[in-house]
Amino acid sequence: MKIVIAIPHQLTWFWTQTCIAALKRRLVPYRDRFDFEIVVVDNGWDHSPSIRGITDTRLGEGVRVLNADSKIIYTHSTALNQAFRETWPMDYFIALDSDCILMRDTWLDELL
(Lines give C-alpha, C1' and ligand atoms only; values in the text may rest on other atoms or scores of the structure.)
Protein backbone atom coordinates (compact mmCIF):
# COMPACT_ATOMS: atom_id res chain seq x y z
CA MET A 1 0.00 0.00 0.00
CA LYS A 2 1.50 3.33 -1.11
CA ILE A 3 1.16 6.41 1.07
CA VAL A 4 2.34 9.79 -0.20
CA ILE A 5 3.12 12.42 2.42
CA ALA A 6 3.28 15.88 0.87
CA ILE A 7 4.69 18.96 2.58
CA PRO A 8 4.54 22.44 1.01
CA HIS A 9 7.66 24.42 1.91
CA GLN A 10 8.49 28.09 1.72
CA LEU A 11 10.99 30.39 3.38
CA THR A 12 11.76 28.32 6.47
CA TRP A 13 14.78 26.32 7.41
CA PHE A 14 13.90 25.24 10.94
CA TRP A 15 10.28 24.14 10.57
CA THR A 16 10.69 22.01 7.47
CA GLN A 17 13.79 20.36 8.89
CA THR A 18 12.00 19.66 12.18
CA CYS A 19 8.93 18.31 10.37
CA ILE A 20 10.98 15.93 8.20
CA ALA A 21 13.09 14.73 11.14
CA ALA A 22 10.02 13.96 13.26
CA LEU A 23 8.23 12.34 10.31
CA LYS A 24 11.13 10.01 9.58
CA ARG A 25 11.26 8.92 13.23
CA ARG A 26 7.51 8.28 13.31
CA LEU A 27 7.52 6.24 10.07
CA VAL A 28 9.86 3.57 11.46
CA PRO A 29 7.09 1.42 13.04
CA TYR A 30 5.18 1.40 9.74
CA ARG A 31 7.96 0.63 7.25
CA ASP A 32 7.10 -3.07 7.07
CA ARG A 33 3.39 -2.38 6.36
CA PHE A 34 3.46 0.54 3.92
CA ASP A 35 5.46 2.02 1.06
CA PHE A 36 5.99 5.71 1.79
CA GLU A 37 6.94 8.56 -0.50
CA ILE A 38 7.81 11.85 1.17
CA VAL A 39 7.44 14.82 -1.17
CA VAL A 40 8.37 18.41 -0.36
CA VAL A 41 7.17 21.04 -2.82
CA ASP A 42 9.39 24.12 -2.65
CA ASN A 43 7.16 27.16 -3.08
CA GLY A 44 10.16 29.47 -2.72
CA TRP A 45 12.51 27.82 -5.20
CA ASP A 46 13.19 30.87 -7.33
CA HIS A 47 13.89 33.33 -4.51
CA SER A 48 14.83 31.51 -1.30
CA PRO A 49 17.68 29.14 -0.50
CA SER A 50 15.85 27.63 2.49
CA ILE A 51 15.12 24.30 0.77
CA ARG A 52 18.83 23.58 1.09
CA GLY A 53 18.03 22.70 4.71
CA ILE A 54 16.65 19.50 3.17
CA THR A 55 18.49 19.03 -0.12
CA ASP A 56 21.97 19.73 1.26
CA THR A 57 21.64 17.67 4.45
CA ARG A 58 21.04 14.03 5.37
CA LEU A 59 17.40 14.93 6.01
CA GLY A 60 16.97 14.92 2.24
CA GLU A 61 17.74 11.21 1.95
CA GLY A 62 14.57 9.51 0.78
CA VAL A 63 12.76 12.82 0.25
CA ARG A 64 11.64 13.89 -3.20
CA VAL A 65 11.84 17.67 -3.65
CA LEU A 66 9.77 19.33 -6.35
CA ASN A 67 10.14 22.92 -7.46
CA ALA A 68 6.75 24.60 -7.53
CA ASP A 69 5.40 24.75 -11.06
CA SER A 70 3.41 27.89 -10.32
CA LYS A 71 5.45 31.10 -10.49
CA ILE A 72 2.45 33.36 -9.96
CA ILE A 73 0.79 32.09 -6.80
CA TYR A 74 2.77 30.37 -4.07
CA THR A 75 0.13 28.59 -2.01
CA HIS A 76 -0.21 25.34 -0.14
CA SER A 77 -3.06 24.29 -2.39
CA THR A 78 -1.09 24.63 -5.63
CA ALA A 79 1.84 22.78 -4.06
CA LEU A 80 -0.41 19.95 -2.91
CA ASN A 81 -2.09 19.74 -6.31
CA GLN A 82 1.33 19.41 -7.93
CA ALA A 83 2.45 16.75 -5.46
CA PHE A 84 -0.75 14.80 -6.07
CA ARG A 85 -0.36 14.98 -9.86
CA GLU A 86 3.28 13.92 -9.79
CA THR A 87 2.85 10.98 -7.39
CA TRP A 88 -0.41 9.45 -8.63
CA PRO A 89 -1.35 6.62 -8.22
CA MET A 90 -1.34 6.10 -4.46
CA ASP A 91 -3.62 4.56 -1.87
CA TYR A 92 -3.48 7.48 0.56
CA PHE A 93 -2.35 11.08 0.24
CA ILE A 94 -1.45 12.87 3.47
CA ALA A 95 -0.82 16.61 3.52
CA LEU A 96 1.30 18.07 6.31
CA ASP A 97 2.21 21.67 6.97
CA SER A 98 5.92 22.31 7.33
CA ASP A 99 5.36 23.26 10.98
CA CYS A 100 3.65 19.93 11.76
CA ILE A 101 5.54 17.79 14.23
CA LEU A 102 4.30 14.23 14.69
CA MET A 103 4.44 13.35 18.38
CA ARG A 104 3.20 9.75 18.66
CA ASP A 105 4.28 6.50 17.04
CA THR A 106 0.59 5.61 16.63
CA TRP A 107 -0.23 8.69 14.51
CA LEU A 108 -0.80 6.80 11.26
CA ASP A 109 -3.07 4.14 12.76
CA GLU A 110 -5.17 6.92 14.27
CA LEU A 111 -5.30 8.81 10.99
CA LEU A 112 -6.17 5.82 8.81
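Student: How many aromatic pairs does the structure hold?

Tutor: This is a predicted model, in which local features need pLDDT of at least 70 and side-chain atom pairs count only at pLDDT 80 or more, while totals for chains, interfaces and linings use all residues. Residues are numbered from 1 along each chain as its sequence is written, and side-chain values use heavy atoms, leaving out hydrogens and water. The structure holds 6 aromatic pairs, where rings of Phe, Tyr and Trp (its six-membered ring) pair if their centres lie within 6.5 Å, and planes under 30 degrees apart count as stacked, over 60 as edge-to-face and the rest as tilted.

Student: OK, why is the pair of Tyr30 and Trp107 called edge-to-face?

Tutor: The ring centres of Tyr30 and Trp107 are 6.4 Å apart and the planes stand at 80 degrees, so the pair is edge-to-face. This pair links distant parts of the chain, since Tyr30 sits in the loop between helix H1 (14-27) and strand E2 (35-42), whereas Trp107 belongs to helix H4 (residues 107-111), 77 residues apart. The helices (H or I, at least four residues) and strands (E, at least two) are DSSP runs numbered from the N terminus.

Student: And are Tyr30 and Trp107 buried or exposed?

Tutor: Both Tyr30 and Trp107 are buried, with buried meaning under 20% relative accessible area, exposed over 50% and partly exposed in between (1.4 Å probe, protein chains only). Together with Phe34 and Phe36, Tyr30 and Trp107 form one aromatic cluster.

Student: What about Phe84 and Phe93, how far apart are their ring centres?

Tutor: The centres of the Phe84 and Phe93 rings lie 5.2 Å apart and the planes are at 70 degrees, so this pair, too, is edge-to-face. Phe84 is partly exposed, having a relative accessible area of 36%, and Phe93 also counts as partly exposed, at 27% relative accessibility.

Student: Where is Phe84, and what does it touch?

Tutor: Phe84 is found in helix H3, and, leaving aside residues up to four places away in sequence, Phe84 touches Met90 and Phe93, where contact means heavy atoms within 4.5 Å. Phe84 and Leu108 are 24 residues apart in sequence and, C-alpha to C-alpha, 19 Å apart in space.

Student: Take Leu23 then, what does it touch?

Tutor: Not counting residues up to four places away in sequence, Leu23 touches Ile5, Ile7, Ile38, Leu96, Leu102 and Trp107.

Student: How many bridges join E1 to E2, and how many join E2 to E3?

Tutor: E1 and E2 run parallel and are joined by 8 bridges, while 5 bridges join E2 to the parallel strand E3 (residues 63-67). Within these pairings, Ile7 stands opposite Val40 in E2, Val40 stands opposite Val65 in E3, and Val4 stands opposite Glu37 in E2.

Student: Why is E2 described as largely enclosed?

Tutor: In E2, 7 of the 8 residues are buried, so this strand is largely enclosed by the rest of the structure.

Student: Last topic, the backbone: which residues does a cis peptide bond join?

Tutor: The cis peptide bond joins Trp88 and Pro89, with omega at about 5 degrees, and Pro89 has its place in the loop between helix H3 (76-87) and strand E4 (92-95).

Student: And what is the phi of Leu11?

Tutor: Leu11 has a positive phi of about 60 degrees although it is not a glycine. Leu11 is found in the loop between E1 and H1, where Leu11 is exposed, with a relative accessible area of 52%.

How values were computed: Two strands pair if DSSP finds at least two bridges between them.
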